[in-house]
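Here is a short report on the structure shown below. It takes the domains first, then a strand pair, then a helix pair.

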Amino acid sequence: MRRDINPILIRELRGRMRTPRAFWLLVGFLTAVAGTASLVYTASYLSSDGQSSGNNTIGNTVFFTLIVTAMAVLTIMAPVMAAGSIAGERERQTFDLLLTSQLSAGTIIFGKILATLAYCGLLLSAMTPLVAMTFLMGGVDLGELFIMYAIISASVLLFTCCGIYWSTRATTPLTAIGFALATVLSFLFGLPLLAVTIPTIWAQFLNDTAVLDVVANIGLATHPFIAMYLTDTAIHQQQIWMHEVTIKGVTFTLPATWILCIIESWLLSIAFVVAAMRRIWPQSTR
Amino acid sequence: MIVFDKLRKLYGDFCALDGLDCTIPKGATVGLIGPNGAGKTTSMRLLTTLITPTSGDVLVDGVSVTTQPHLVRRMIGYMPDTFGVYEAMTAAEYLDFYARCYHIPVATRPALINDLLGLVDLASKRDALVMSLSRGMAQRLSLARALLHDPAVLVLDEPASGLDPRARIELRALLHELHDQGKTILISSHILSDLADLCTHLIILEQGKLVAYDTLTALLSAQQSRRIVIQTLTPTPALYALVTHFNYTISVDPQLPTRYIVQMTGDDAAQAELLKVCIEHNIPVQQFASEANTLERTFLQVTAGLN
C-alpha cells in the first residue's frame, strides 16, 4: 500500500502557496538580499579602485553579505511562521479535529516543521542566481557554500522548532510569535553577552578559567552569525574540519565551529520538539 | 457500547463533571441536555479523548479512553460546536485532507468523498471554497468529515446551533438516516424540540451531576403532573371553582372565560374522573384534552429545585 505524505505538510504548503502572501514574502526576501548585496558590491568595487586583483575579495564579501542577510531574514521569518502554525489551528478551531483524528502528535509537529522548512528552503533556492554570481567573481568555493548553507539550515531548524514550541503553549498566534521572537532575540543577543561576561566574572574567583573559556567557545558555536564568521575565517586558514583555540597560551583542538553549530542546533531542536509534543498531547507520552 | 464509569473531571478546584455513571446501548441516539456549565461539553471532550479524566473512565466498545485513546479515536466521529475553516480550500479538498488524517487509502478516497458529499447533499458544492459555504452547508460538511472513517459512534456538540429552520430540518433528516444505519449518536443541544424528535435516550446533567438518564419515552411518561385543556362552549364561571376543588388539581389557569388550563397529578383514571365531574355538573365542555408531555417540561421538572 502506498504511504501518504504527511497530510499536515500537504495542507500547509497548499494553503500557504495559494495566498498572495507567499509571493510577496518571496519578493520581499529577494529584494532585501539582493539590495543589501548590491550596496556592498558597489561599495567594495569603488574602494578597490577597479583593480582586477580585488575581484576575489569582492566576490567573497558579496557572498558573505548574501548569506548573512538571508540568515538575518530567516532568523525572523522561521520562528514567526512556525509560531503561527499550531496556535493558528487553535484560533481557527481546527486543532481539536486534528487531535481526534488518527494523526500522532509527532506527525502534527513534524508536518508543521517540515512546512516551515520547505518554505525557507524555497527562499534559499530562489537566492541561488544571486549566489551563483559571486562564483563568477571568485573568492568562493563550493565547499564554503555547502558549509554556510548547512549552518543556515541547522539554525533555521532550531528557530523553527523554537517557534513550534511556543505555538503549542500559546492560545493565539500573536502571543506565540511574541514569545518565539523574544526567545530567538534573547538567544542571539544573550549568548555572546553570557560568553563574554561569565568567564570574566568567574576569573575574579578562579585563577584558571581556560575550561570555562572552551565551554563558552563551544556554546557560542550555536550562534549562527558567530558560527558563520568563525567558519569563514577558519576556511581561509584551511581549517575546515577542526580548529585550534588558544586560550591563555594553551591551545585546544576542537571540531570546526560549523560542525558544533549543526550538532548543538540539532540537539536544541530535538529538545524543543519533545517539549512541543508533550504540550499538545500529554497522553501520547504515556 | 459506551460506558461512562464514575467519570469525574476537575479543573483546579472546579468540578466540571462529578461521577457520571451510565451505559449507552449500541445504536441509541442519546441527547445530552443541561444548562450552560452542566458538563455536556466536558463529557464529550472526555469521550473524544481531547482531555483526560481526573478519575473514572469511559469505555467505547470495551476500549478505554485513558489507556487506549488512539483506538477510541478510530471508533468516534466528532463534530464540535464550531466549524473551523482553512483558507483557500474547497469542500472536496477539505474532506480529502481529513481522509488523509484518518489514513484512508488513496484508492478509495475519491469515491468516498463523492459519496459523502452526496449523502450530505453538497455534491454541487464540491469545488466551492469552504469559507464561502453557508452555516448550514458548513455543518453538513462537518458531519461528512466526521463520517469519513465510518465510525460506530458520532459525537455531535450543538450541531443545530445557529442554523436556520430549513437547515435544522435537513440536519435532523440526516441524523435520522444515520440512526437508521445503526450509528450510536451522542448529541448535545439547547433546542429540546429537536432532541425530542431525534433521541431514543436522554442524559440530563446539572452542575456536573447526572440528574436523569433513561429512554425518552420513560422520561416523558414519568412526569408527575399533566396539563389538561378544558374549553367550554360558553363562559362558565362555575368551572373554575369545580376544578380548583378537584382532588388531583395542582393549579388552574383561566386563560379565557371559556378556556382553562389545569395542572394536575394522578393517572388516566383521574383525568377521566375530572371529565365525569364536569359532565355531571352540566358544564358545556367543547374540548377536553391532555396536552402531550414535552421535553421542555420534563427538563424543567427534572431539574427543578437544583439551583
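## Domain contact in chain B

In this predicted model, 10 residues of domain 1 of chain B are in contact with 6 residues of domain 2 of chain B. Three elements of chain B each supply at least two residues of the domain 1 side: helix H7 (192-198), strand S10 (209-215) and helix H8 (216-221). H7(B) gives the largest share, 4 residues. By class, this side of domain 1 has 9 nonpolar residues, 1 polar residue and no charged ones.

Domain 1 of chain B spans 2-221, and domain 2 spans 226-302. Their C-alpha centres lie 41 Å apart.

## A strand pair in chain B

Strand S11 (residues 226-232) of chain B runs antiparallel to S14(B), and 5 bridges join the two. Ile228(B) has Ser290(B) in S14(B) as its bridge partner.

How many of the 6 residues of strand S14 (residues 285-290) of chain B are buried? The number is 0, so S14(B) lies largely in the open.

## A helix pair in chain A

Two packed helices are described by the angle between their axes and the distance between the axes. For helix H10 (residues 224-236) and helix H11 (residues 257-280) of chain A, the angle is about 155° and the axes are 8 Å apart. Angles over 145 degrees count as roughly antiparallel, so H10(A) is roughly antiparallel to H11(A).

H10(A) makes the contact through Pro224(A), Ala227(A), Leu230(A), Thr231(A) and Ala234(A). H11(A) contributes Thr257(A), Trp258(A) and Cys261(A). By class, the contact has 6 nonpolar, 2 polar and no charged residues.

Note on methods:
Residues are numbered from 1 along each chain as its sequence is written. Chains are lettered from A and ligands numbered from 1 in the order in which they are written. This is a predicted model: local features need pLDDT of at least 70, side-chain atom pairs count only at pLDDT 80 or more; totals for chains, interfaces and linings use all residues. A residue is buried if 20 or more other C-beta atoms lie within 10 Å of its own, exposed if 12 or fewer, and partly exposed in between; C-beta atoms are placed from the backbone. Two strands pair if DSSP finds at least two bridges between them. Domain bounds come from an automatic or database domain assignment. Two residues are in contact if their C-beta atoms, placed from the backbone, lie within 7 Å. Ala, Val, Leu, Ile, Met, Phe, Trp, Tyr, Cys and Pro count as nonpolar, Asp, Glu, Lys and Arg as charged, and the others, Gly among them, as polar. Axes are lines fitted to C-alpha atoms, for helices over the stretch in contact, and angles run from 0 to 180 degrees between N-to-C directions. Angles under 35 degrees count as roughly parallel, over 145 as roughly antiparallel, 65 to 115 as roughly perpendicular and the rest as oblique.
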